[in-house]
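Morning, everyone. Please look at the model first.

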Amino acid sequence: MTAGGLLLDVAGLNVRLRLPGGVLHVVNDVDLQLARGETLCLVGESGCGKSMAALSLLRLLPRIASWSAARMRFEGADLAALDDRRFAALAGNRIAMIFQDPMTAFNPVVTLGEQLFEGFLRHRKGDRQAARDKALYLLDRLQVPAAERRLTQYPHELSGGLRQRLMIAMALICEPALVVADEPTTALDVTVQAQTLRLLAELQADMDLGLILVTHDLGIVSRMADRVSVMYAGQIVETGGRRSVFERPRHPYTRGLIDCVPVPGRPLANGRLGTIDGSVPMMQEGLQGCRFANRCGHATDHCRTAAPPVYRAAGQAWRCVLEAGAVPGAVPGAGS
Amino acid sequence: MTRIADPAAGTRPGRGEASPEPAALTPNQLILHRAKRHPGLQIGGAVTLLIVLAALLAPWIAPHDPIQQDLLAKLRPPVWDPKGGWDHLFGTDIYGRDFFSRILYGARVSVVIGFFAALISAIVGSAIGILGGYFGGRVDAVVMYLVNVKLALPGLMVALALVSVTGGSILALVLVLAFLFWDRYAIVCRAVTQQIRVQDYVQAAVATGASNSRILLSEVLPNLTSQIIVLMSLEMALAIIVEASLSFLGLGVQPPTPSWGLLIAEGRQFLFFKPSLIVIPGIAIFLLVLAISLLGDGLRDVTATEGKE
Amino acid sequence: MSRFLLQRLCVSVLVAITVSIIGFALLRLSGDLARELAGDNATPADIARTAALYGLDKPVVLQYFDWLGGLLRGDLGRSLFTNESVAVLIAERIWVTVVLAVGALLLALGIGIPLGVVAAGRPNSYVDRFALTLAVFGQAIPNFWFGLIMIVIFGVWLHWLPISGSATPLHFVMPIVTLGLSVMPQFTRLTRSGMLDALGSNYIRAARSKGLSRRRILFRHALPNAILPIVSLAAVTFGFLLGGSVIVESVFALNGIGYLAYTSILRQDFPVVQSVMVLVSLAYILLTLVADLINARVDPRLRPG
């Protein structure tokens, strides 16, 4: 992880939701760091806060949400300090988002072409022809058949897989530096998922894009990630390079996740797939202790009362006391 | 009974977790919680209650007999006029009848007619809509045909014609008004019932052999009740205005029974030099209809199930 | 789409026939129409003569088909009281009602839609509360009363506008305002809720993620989606205005078909009432078909292909 010259440097991100029954703390002290050309996978189960964290980067949180961050720098400049107008100049331009459901993310009564072009026309102030050329180039790279015709069609006329590819084109049309993809293939058929991800990875390499990929699917993580951040109950419980996290997971939750997924060729411990008992705690304010304690087989009383610090060693960070002693050079510090 | 779109659907805590769950309120708690914060609902409910009470207690609180004429006391001004007096709060009309009492009794007419018209049209309309939405096929085709015929008819004209042939009895008026409004319930209930019918738990009930009437009563109806109640309050407000309009045209409540619409018609000739005779009943209609509308809107806001959170 | 349209057409014809039967039967429900028309002091002989005069002695079904046949030929019969051709009576008066309806609808759309858009753009702001308050008040005020108040204020005290008749365009100002303000609230609410729905949708979120301007998001993305149900409502409201203008016409002494129907009902002038009712219903049926056609053109999801 290079120090200076980070594309995205977020520390201490918090998101709270004001609900009728109280305040939910859905994103808790989250750090996200990304260099150009790198892919960071944000992985966790449903409801862990990963989508909220992603949306907060583009200021797309719902009205009931409020957010804050100790540090939020993009290309060296303070992102949080920008007013809405100046942020809008970045959105779609230097930072873009790919959404989960391509059917509802497109306006049903506007042509796909117009929806693809409008970002370009707004940010580049170029002419329609330039926008069209760019769009057709991207569609070609994304292997969309009959690309010219697609531009005059409406969203409901395309299949899900094609729509998602058009959404990718729409996000990339201004050649952003950072792309945030929120479960981009979850709504697609399994057969189409792999192809779509491959095309996305190719374009990322071409454009040297930083990609934050939010997903719940470890298989996608193993294919796409350079680095992985595992989220649980609003917090990041483990971060590290893909290899390290998969081969030497430090946090019991990460270990549990990996055990849950069958891997061809890897024999199962005890001859069965792992499960994690219990369920995710409610994320209200003022929770004591480690959030994973009620489901962790290694939890002690100390775990239930004192929130564990974040340990770092050799490019990996984790929020658990379990292996603190065993790992050489492990140092506790604040923040994930 | 299974509820649709439980707004408080959240995860439950695991073991060893501190107890309060700020976001997990039961549906009824949620409704109460919202109701406490909804000024429209509270104001509307309070004013409606006040007027309904005044209407019900009219025989006891009215200072005079509303149809008692006193030709020596014609067209007395209301109490806020220098020539007015406290014995006739709102003054008197052309026949010397106490206006305040007539307004109070007019409230009875509006409330009773409005309520029963809304109730009857709710029962009939919902039943038709539910049957069409549940059974589909030919039954639904008939239901849609009936609804389309009703929609095509010019409501006010039909109402006028019906009243003219049935006479101006209160019962006839209630039935005519009920006929004017049943289609709204039918449309809403049909749509919701169609949605419910395809839910998994209903399919499961059918598969295990539950009878149609059981499914209708235990699954379909409870999900509709709050919407029907909301509709009822909004339609009641409308019914009151239509009754006033019909009475104004002379084809509603017949004199000497005081209806606010009738009072306005009677006061029309004195529009220029004694406007209080039409201003007061108009304000009365406005206040009652406003209060019921606020109540209905408030109920709708408070019982709306979250689709999007 | 044409199959759907054919279906709609068939249903519409069926509905039209049913409506004609209802319109025909309405005034005959009182039992003996001939006795009503003959008056209170009529002897049985008078009643029989009345019945023969108006064709009421023939079997009901025959009367219906006679009238229907005439309708299809353009012969709507004659008024029982003025003996004028019903068709002429209607033709003379329909323009008043149409002007009233068109004016009221334009007013309602012209104020209601912008108000709804602005209110949705700033939910819970003062503008929003004002728009909603106006909508709730507008629906609570009885329009005949509002008309009378307007007459007092603008006609009598201020002498700005004429208070009855239909001689000049100025005569239509107060009636149109009265009628328009009474139907405006629905459009305000529908626009507002449609816009709020649209603005809460995923495609609006995607549009914001592209950094588009507020104005573009509101007018190019949200409004076209919100406007679709408004087209249907406008058509339905126009049909409603054609039939529901009775009250405003009587308050302002306008000689439209609403007032014609009203006076005819009072006098049991059944040829007039039948024809007016059927005419208004047909207009409504036609308008809803037109609304469907417009929707099919405007909403790409409903087009074939």
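Start with the second largest pocket: 20 residues line it, and C:Tyr54, C:Trp67, C:Gly77, C:Phe270 and C:Pro271 lie nearest its centre. A pocket here is an open set of points on a 1 Å grid over the protein atoms alone, where a 1.4 Å probe fits, with protein on both sides within 12 Å along at least five of seven lines; lining residues have an atom within 4 Å of a point. Helix 4 (60–73) and helix 14 (270–298) of chain C each give two or more residues to this lining. Helix 4 of chain C gives the largest share, four residues. Helices are DSSP runs of H or I, at least four residues, numbered from the N terminus.

A word on the source: this is a predicted model, where local features need pLDDT of at least 70, side-chain atom pairs need 80 or more, and totals for chains, interfaces and linings use all residues. Residues are numbered from 1 along each chain, chains are lettered from A and ligands numbered from 1 in written order, and side-chain values use heavy atoms, without hydrogens and water.

Now the interface. Chain A brings 26 residues to the contact and chain C brings 19; contact means heavy atoms within 4.5 Å. On the chain A side, A:Leu60, A:Val109 and A:Glu118 lose the most area to chain C, together 25% of what that side buries. Buried area is the accessible area (1.4 Å probe) lost when two parts are put together, summed over both.

Which residue does A:Glu118 form a salt bridge with? With C:Lys210, and the closest N and O atoms are 2.9 Å apart.

Notes
Salt bridge = Lys/Arg side-chain N within 4 Å of Asp/Glu carboxyl O.
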